[in-house]
Amino acid sequence: MCSEETVLSIAPSPVRRHPKGFQPGSVPLARRNLLANKPRLLRSACGIGFAVLLMLMQLGFQQAFFDSSLEVIRRLDGDLFLQSIHKYQFATRDTFPRTNLDAPRNLPGVASARPLYADWYNFFWKNPFDDKIFLVRAFAFDPDGPVFSFAEVNANRAKLKEANTVLIDRQARRFLGMDRDPAEAELNGTKVKVVGSFALGPDFQSDGTVMMSDRTFASLLPGPAGSPSQVDLGVVKVGPGVDAAVVRQAMTKTVPDTIAVFTKPELVEFERRFQADVSSAGPIFAMGTIVGFVVGMLISYQVTYTDLSDQLPQYATLKAIGYRTGYLLRVVLEQAAFNAMAGWIPAWLVSIVLYYVIGQLALLPLRMSVNLTLLSLGLTLGMCLISAVLAVRRVIRADPAEVF
Amino acid sequence: MKVPLAWRILAYDKRRTGLALIGIFMAILLVFVELGFFYAVPRGGLLLYDNMRFDLLLVSDQYEYQAQPGAFPLSQLDRVRASTAVEQATPIYFGFAKWKGGEGGVWPDVFVIGFEPATHIFIPDSIEQQLSVLERTDTLLVDSATRPIFGPLNAGRVVEIGARNMTIGGQYVLGTGFMGLGVALASAPNFARLFPGRGLDMVNLGAIELKPGVEAESAAGDLRQASGSGIQIFTRRELEAHETAYWTTRTSVGIIFGSGLLISFIVGIMIVYQIVSTQVGRQLPQFATLKAIGYADRSLVWTVGAMSLLIVIAGFVPALAAALGLYSIIRDQTLLPVTMSEARVFVVFGAALVMALASALLSVESLRRAAPADVF
């Protein structure tokens, strides 16, 4: 804990220490002021740091929320994607006839156009360790036409040719038992052989994922629902050196108008927008971030204000001997920036640890990213500098003669 | 009396005291907001049950949570009905279907709840008053919280749902909870027509109402013995505990809000500590003077204690008011049932008081040690 001691200690006067240093900027005044009272520095760093930590957690959760639902799309091995125009999000079934992939496949520049079968509502996995049944997400494809970029999936895809074999997600929620390397399990009441695993992780809709061949999919989901003639997503790869955007234009013309063509970034954006619109995750986490920002501003204001009040005589002296307001302002802002960094650096480090721990517990892709680093740094500097500007008005107004 | 002294100290530097109050206000508001989110998740999961009349709930032994309940044969409910303790045992059906009339041509999934209107199983007046509408063929009621992606929800609109044209008979007010983006109510016959493949023989929930005066716990025990395997029976209390455990421990939503709550508590404590200790620390010379002129340590501790209590109380009241205001905004914006409970008000108030007192006492320790002469 940050200990409290008297806040009355007086910073060493830079002027006294450096008699020749009358030129503004030649004395690291801001740093000296801060280091003069180390307990207070520690206390303010703690206060600001916790506010930063709060912001970083909220921002991290927000990013993880979106990443978890976008991860599977990012792992699709394709440049262009075909899906029904009725499909409003990735995690819902809306199929189109497989024959609609024939024309796109024959377009110049297209290397392959492969079907992905997917289902979110009809596959029930029985945990082989406690026999409890859970809804899981299922993906299926022709083992000779892989559609995912998971190396482990592609290495094991030949094994999927055998009937009733599946690959499972070892990052799935623990209660599914997929992380315990089962050899066999039950899917929709049928015994299936587990021939490998991959690491994907759950999202906010699905607890776990199984992958299988299109034939196994059809046999586990009898009737039209599992029929290989209806596909959920067409995964198109263009040849080397071919511009996907050009192919996309031609493709849009060849497919019926009930099918939409997406590039990968468009598909990711489509899903992100859906999640943002319906989940209210954006506002929820933004609220937490704003509260963190305001709290941090208050703490920082209090730190700067206390410091300025305590050292008002010193600042007034500086003014009296001819230092300009601009110089004093700079010192105060520098000090605020130092305070910001003293809070931000430890908070950033702690949040990396917390991301890891919570990520493991919640099976969420909580990761420190360049974006989060820059955003949190910007917010931290912003809150400290704004509060410093608000607090410094008092120094600017200070009449040297009145202070004493 | 110590309070007047504490009061005067606080009233002397109004600007600084104001700052401290804002800090305490923010800290308490932060904790309330995170608490609201944390409890809203299981509350959202319980939304449907909170709006239904039943004493016991019969479900499949594969029951996970409300939106993934598994199914059991209708005959199980007949057995329950045979018991003299049971007034009514109502089957509830759940199904997902494509709503082929969304905004911009999309087909969102609608969660359809099927029930027998004559059973009066739902509490909201808006449902009670429109039960006759549900009796019309191929008509359903939609939840007023159904998202805009479903397009207009005006009565009379005909929408193709699954493979059937259904008419919107009106709207009711209950909330979609975590059931989906859109929820609709249908009578059992309409439900059967909407989901022709599944019929009415497999039931998702059995809502049991007991005769007046029958004690739920013991009736549940008797019914469990009487009914066969493959099902389980929850009392209200057990059901609430089950759903809450599911949402807080098994979903990432619960874990996220749980850790958010934990961090906000720590941040809140830090702010209270920082503010109270600064306030006390500022007055050290004055306290030292009081000590020098003969005031006992204990009397100073009382003053400091009174100071911190005053700050916390003055910060808490507006924070509670702001939290209530914010809750209603959050309810509108996110459709999460964020609500305040008395217990939470007391716990947060108590925690803030304890924290403020502890911080005050910690910072006064230095005062205790201080020789009056050293302070100046």
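Predicted model: local features only at pLDDT ≥ 70, side-chain atom pairs only at ≥ 80, totals over all residues.
**View 1. A nine-stranded open sheet in chain B.** The strand order is β6-β7-β5-β8-β4-β3-β10-β1-β11 (chain B), and the pairing is mixed. Strands β6 (158-161) and β11 (231-235) of chain B form the edges. Each has a single partner strand, so one side of each has no neighbour in the sheet. From one strand to the next, the twist averages 35 degrees.

**View 2. The β3-β10 pairing in chain B.** Strand β3 (residues 86-98) of chain B runs antiparallel to strand β10 (residues 205-210) of chain B. Six bridges join the two. Within this pairing, Ile92(B) is placed opposite Leu205(B) of β10(B).

**View 3. Helix α8 of chain B against the sheet.** Helix α8 (residues 216-226) of chain B packs on the sheet. Its contacts are with β1 (56-60), β3, β10 and β11 of chain B. The directions of α8 and β11(B) make an angle of about 175 degrees.

**View 4. Helix α9 of chain B across two strands.** Helix α9 (residues 236-250) of chain B lies across β1 and β11 of chain B. It runs at about 105 degrees to β11(B).

**View 5. A bent, enclosed helix in chain A.** Helix α3 of chain A spans residues 38-74. It bends by about 35 degrees at Ser68(A). Of the 37 residues of α3(A), 30 are buried, so the helix is largely enclosed by the rest of the structure.

View 6. Chain B holds 14 helices and 11 strands. Its radius of gyration is 29 Å, well over the 21 Å that the globule rule gives for 376 residues, so chain B is more spread out than a compact globule. Along the principal axes, its C-alpha atoms fill a box of roughly 90 × 55 × 35 Å. Buried residues account for 56% of the 376. Of the contacts in chain B between residues at least 6 apart in sequence, 77% join residues at least 24 apart.

View 7. Chain A holds 13 helices and 11 strands. The C-alpha atoms of chain A fill a box of roughly 90 × 50 × 30 Å along the principal axes. Buried residues make up 54% of the 404. Chain A exposes about 16700 Å², and carbon and sulfur atoms supply 59% of that area.

Methods
Residues numbered from 1 in each chain as written. Chains lettered and ligands numbered in written order. Heavy atoms only, no water. Pairing = 2+ DSSP bridges. Helix = DSSP H or I, 4+ residues; strand = E, 2+ residues; numbered from the N terminus. Axes fitted to C-alpha atoms, helices over the stretch in contact; angles between N-to-C directions. Contact = heavy atoms within 4.5 Å. Rg over C-alpha atoms; globule rule 2.2 N^0.38 Å. Buried < 20%, exposed > 50% of the residue type's maximum accessible area, 1.4 Å probe, protein only. Bend = angle between axes of the 7 residues up to and from the residue. Areas by Shrake-Rupley, 256 points an atom, 1.4 Å probe, with all protein chains shown as cover.
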